[in-house]
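Open the model in your viewer and switch to a cartoon display. The tour below goes from one selection to the next.

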Amino acid sequence: MKIMAINAGSSTLKWKLFEMPEKATIASGMIDRLGTPKSVFKLKYNGEKIEYEQAIESNEIAVLSILDALKDKNIIERFEDIVAFGHRVVAGGEEFKKSEIVTDENLDKILKLSEYAPLHNRIEAYYIDVFKKLVPKAIQVGVFDTSFFTDIPEKNYLYSIDLEDYKKYKVRRYGAHGTSHRYIAQRLEQIVDGGIQDKNVIVLHLGSGASISAIKNGKAFDISMGFTPLAGITMSTRSGDLDVSMIPYLMKKLNLKDIDDMIDILNHKSGLLGISGVSADMRDIEAVEDTNERASLALKIFRNRIVKYVGSYIAEMGGVDVLAFTAGVGENSKEVREDILNSFSYMGVKVDPENNKLRGKEVKITTDDSKIAAYTIPTDEELMIAQDTYGFAKLLD
């Protein structure tokens, strides 16, 4: 059964085609710079890599370009060979506590939830509608970034504001990257001795966007991201947590009239980029850490915020048994992992220096006599999307 996982952004469209239930990747690709005369189309299939520039100036043309390429390569004979499409949707609010088939009613709900993720939900809903029209016999499934965290304890998702404002407007901690955190939890259940159903786990999803989750007895317990993905630790271009009173103060100093302009600064011009003045990319900053004071400071702040969250989750859960690093920085920066783990050496954490050198591999990176086990686990959000989607498709087959 062929199932496609879709991850749509405002200017990118990533996809991966699976054969299920075998979990085998048939083909994958992306379209970058979408909406411009020089959009970049990429396709990987059977060891072959194809990349070319093409004018892809609408979402409909983007979807047709992917489906037509699959036909041209004889990967599919007709569009209907793909029986289901799974879509990453950023904001599910309290409406979607798990993945769901996107009926017309659910599509309307996703659009209404654009208030929580205006840059994401609207475009994701649009793509779902395009796929529905082009492949009407296939089912469309929404897989929500927030659903893994919907049922964290009330004490952890509520803000200290008037409770009536939560009840009326649903202002609460929703988190993000839930599909990734859920995948890592499933892998840990398989690779940790005795599983994690009776353990305290902390997952560090450290990429361009970054989040840290606490997982207690196999269930999400807390998450660093908040009402939006702007909250939490320092990220590539996002500020993470700050005192909201800074916002009107800075707006006056910067002569800004529109709150959206300030939010744009906090989302796109802050974090590692804002502090270092070098780059939003961890690799660029690490390369000049020894000679650039701002770069060095950016890395110190990045690691400091992570250690603070991990430490608070350890206290909150009454200890920790397992730590897991994932996403671009978490999977590839041995320096970041080592610095964070060494911050907890007082708790008996012992890094395995050889295993910690490995990049992008699923491996235990602490010694056998370490009091806390730590792992590097490459995330696979597309596989999670495909698995959830297959769960619906097989019932309708």
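Predicted model: local features only at pLDDT ≥ 70, side-chain atom pairs only at ≥ 80, totals over all residues.

How many of the seven residues of strand β10 are buried? Six of the seven are buried, so β10 is mostly covered, where buried means under 20% relative accessible area.

The link from β9 to β10 is a hairpin through three residues.

Now move to the other partner, strand β11, at residues 219-223. Alanine 220 in β11 stands opposite isoleucine 215. Two residues lie between β10 and β11 in their hairpin, and asparagine 217 in this turn has a positive phi of about 55°.

Strands of a sheet pair through backbone hydrogen bonds, either parallel or antiparallel.

Then turn to an open sheet of eight strands, in the order β5-β4-β3-β2-β1-β6-β8-β7. Its pairing is mixed. The edge strands, β5 (48-54) and β7 (100-101), each pair on one side only.

Within this sheet, select β3 (residues 24-32) and β4 (residues 39-45), which are antiparallel and joined by six bridges. Glycine 29 has leucine 43 in β4 as its bridge partner.

Finish with two helices that pack on the sheet. Helix α1, residues 59-72, touches β1, β2, β3, β4, β5 and β6, and its direction makes about 35° with that of β2. Helix α3, residues 121-134, touches β1, β2, β6 and β8, and its direction makes about 170° with that of β6.

Definitions and conventions. Residues numbered from 1 in each chain as written. Heavy atoms only, no water. Buried < 20%, exposed > 50% of the residue type's maximum accessible area, 1.4 Å probe, protein only. Helix = DSSP H or I, 4+ residues; strand = E, 2+ residues; numbered from the N terminus. Pairing = 2+ DSSP bridges. Contact = heavy atoms within 4.5 Å. Axes fitted to C-alpha atoms, helices over the stretch in contact; angles between N-to-C directions.
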